[in-house]
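User: I would like to learn how to read helix packing and disulfides in a model, one feature at a time. Could we begin with a pair of helices?

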Amino acid sequence: SDALALDAALCKADSKTAPETLVAACNVALTRETATAIEKIETLRVRASAWRAKGERRRALDDYDAALRLDPSQETVRADRKALFHEIEMQGAMMPLKKPAQP
């Protein structure tokens, strides 16, 4: 339908759309049966970056992994995933190892 096409069209890498809207648009785009593997990979990349913007790194990793399952040779996806992994490692390194003592 036209509404589905419009929603899917919002799922673009250079979009200035809010992350929540991007995730919803990409969800719609991923339901399109006519989408090629390359289109699905790009949709997963866009959605992963929206998840990252929302601070939902686990979901972003899941999307990068799904994209790489479709085509392991996708260097851009691999680079994005590596950058996210580094971000997660840095976050982990900054977390305190023990909970502060309760007064």
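Analyst: Where H4 and H5 meet, Arg57, Ala60, Leu61, Tyr64, Asp65, Ala67 and Leu68 in H4 touch Val77, Arg78, Asp80, Arg81, Leu84, Phe85, Glu87, Ile88 and Gln91 in H5, a contact being heavy atoms within 4.5 Å. Helices are DSSP runs of H or I of at least four residues, numbered from the N terminus. This is a predicted model, in which local features need pLDDT of at least 70 and side-chain atom pairs count only at pLDDT 80 or more, while totals for chains, interfaces and linings use all residues. Residues are numbered from 1 along each chain as its sequence is written, and side-chain values use heavy atoms, with hydrogens and water left out.

User: At what angle do H4 and H5 pack?

Analyst: Two packed helices are described by the angle between their axes and the distance between the axes. Here H4 (57-70) and H5 (75-94) pack at about 155 degrees with their axes 10 Å apart; axes are lines fitted to C-alpha atoms over the stretch in contact, and angles run from 0 to 180 degrees between N-to-C directions.

User: How do H3 and H4 pack?

Analyst: H3 and H4 pack at about 165 degrees, with their axes 8 Å apart, which makes H3 roughly antiparallel to H4.

User: Which cysteines form a disulfide?

Analyst: A disulfide is a covalent bond between the sulfur atoms of two cysteines; the criterion used is a pair of cysteine sulfur atoms within 2.5 Å. Cys11 and Cys26 form one, with their sulfur atoms 2.0 Å apart. Cys11 lies in the loop between H1 and H2 and Cys26 in H2, so the pair ties together parts that are 15 residues apart in sequence.

User: Is Thr43 buried or exposed?

Analyst: Thr43, which lies in H3, counts as buried at 11% relative accessibility (buried is under 20% relative accessible area, exposed over 50%, partly exposed in between, with a 1.4 Å probe and protein chains only). Leaving aside residues up to four places away in sequence, Thr43 touches Cys11, Cys26, Ala29 and Leu30.

Notes
Helices (H or I, at least four residues) and strands (E, at least two) are DSSP runs, numbered from the N terminus. Angles under 35 degrees count as roughly parallel, over 145 as roughly antiparallel, 65 to 115 as roughly perpendicular and the rest as oblique.
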